[in-house]
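Here are my notes for anyone opening this one for the first time. Have a look at the picture, then read the points in order.

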Amino acid sequence: MLDFDFPFDNSYARELPGCYVAWQPAPVSSPRLLFVNDALAIELGLPAPALAGEAGARWLSGCELPAGAEPIAQAYAGHQFGGFSPQLGDGRALLIGELIDQHGRRRDLAFKGSGRTPFSRGGDGKAAVGPMLREALIGEAMHALGIPTTRALAVAATGEVVLREAKLPGAVLTRVASSHLRVGTFQYFAARGETERVRQLADYAIARHDAALVGDPDRFHAFFAAVARRQATLVASWMHVGFIHGVMNTDNMTISGETIDYGPCAFMEACNPAAVFSSIDHQGRYAFGNQPVIARWNLARLAETLLPLFHEDPERAVARAMEVIDAFPAWFAQALLAGHRRKLGLRPGAGLDAQRDEADAALADDWLALLQAHGVDHTLGWRQLAHAVEEEGAGGASLAGLFPPAGAPALGEWLERWRRRLAGEAGDAAARAAAMRRASPWIIPRNHRVEEALSAASDRGDLQPFEQLLEALRHPFDEHPLHARYAEPAPAAATACYRTFCGT
Ligand code: AMP
Ligand code: MG
């Protein structure tokens, strides 16, 4: 037993009876820790060194829960690839409790891969080492990139075999989230006509994520707008780094605005709005460039669940929902522009001057179109633009070298236009280049490097490639010579046939 008193405070279990089923994790045969997130443990006020020991392995695999844990399987529904499933729920996950972290924020601790639950349907409730390490790795990468995300506290190998397309080593991941409320949580009760339950959930969500709205008579509408704004910012931040979530089903969209569920996600290499890597996304519904459209679609599904709370008159309720849904594209565009300005070395200030906003958005769009037209790597294209601040002409070999010779005239033209825009801004070149390098990472989780690290861990039990990659991903903006191999794009042929799987 861990010699530590966990100050659990389980508000979901306490305040929302009927929204979950109390359930125990399945014990596992021989738990062994593959990954412990020390920094996150400290943030949560947990004893990091003790977690890494044998007692830690027992609780982080679900064998022996600390006192105060109240494991529950949460109910939720969801639109999956556009089709509604009225009952999904935690089929291989359990919320084990909530802690207040060192900053006073309430955080969920949840297992993934902890065995069957009443929501498992045909599934085995288990997870494999590869996909769980993948979730840990990408979550840490997103966090280091400054993107809101759920994170892994630990991954424990179970010593068991999980049957997928092959026999795989099993694992349990401990996930930390600012909550596990999803669009699908609201859908579950709305689909059953349980309006009172939806109201309770909404009030719970408001207290947890939008405390300033507690007691506000118009709080449900303001809450919906707040969720929409968070999603606008989140999806814009994905677009800034070339992240493709891959399975933006409504059960995988949080109320908190954190990225959740790193199943079939991938990072784009060559710039391409049509990029899709998921093996099951045949229509490209969740393609890179479609993400803002899908976010809005998902928000409309959330609005449907809240309509009776917006107004008693159904027509007025729909009109109020549409205020937010119609505003979403502009909120997204603003968030996108704010990040693009940083990446372009421009000062912030979206919304102050409509004409300037439009011109700057066009400048960014044309840069992306140029990268796309010439098959330039999204990450390096943005990153090496900083060189063009410090150097004359086409920004030296580091930028020009990313383009084929035929692209040189178009690159030159765009750079000239950009430099004319920069000339109107104060600040010296070195400071501007440094600011641009803080906005455009050098290192992202390149798909081929992620696969290389995961197969070493899963196939050979060799964690070194995972640990080295994780270390590089934790410093995405630093050009450390030791990390150079992680900055290189994958060979185009590798990207062309790269496929991701849900890992279920
Ligand atoms: P996901 O694709 O991970 O977002 O999961 C979608 C739904 O399928 C959720 O209800 C999961 O709990 C459920 N699910 C995924 N994998 C499994 C599994 N191995 N066993 C039981 N349920 C699962
Ligand atoms: Mg999910």
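This is a predicted model: local features need pLDDT of at least 70, side-chain atom pairs count only at pLDDT 80 or more; totals for chains, interfaces and linings use all residues.

1. Residues are numbered from 1 along each chain as its sequence is written, chains are lettered from A and ligands numbered from 1 in the order written, and side-chain values use heavy atoms, with hydrogens and water left out.

2. The magnesium ion (ligand 2) is held by Asn252 (OD1) and Asp261 (OD) at 1.9 to 2.1 Å. Donors here are N, O and S atoms within 2.8 Å of the metal (3.2 Å for Na, K and Ca), and water is not among the atoms, so sites may look incomplete.

3. Asn252 also turns up at ligand 1: an N or O atom of its side chain is 3.1 Å from an oxygen atom of that ligand. On the nitrogen side, Asp124 has a side-chain N or O atom 3.0 Å from a ligand 1 nitrogen, and a polar side-chain atom of Arg92 is 3.3 Å from a nitrogen of ligand 1. These are polar contacts (N or O pairs within 3.5 Å).

4. Where does ligand 1 lie? Domain 1 (11–180) and domain 2 (184–341) both give residues to its shell, so ligand 1 lies between them. The bounds come from an automatic or database domain assignment.

5. As for the domains themselves, their C-alpha centres are 23 Å apart. Contact (heavy atoms within 4.5 Å) links 40 residues of domain 1 with 39 of domain 2.

Definitions and conventions: A polar contact is a pair of N or O atoms within 3.5 Å; within protein, one must be able to donate a hydrogen and the other to accept it, and residues adjacent in sequence count only if both atoms are side-chain atoms.
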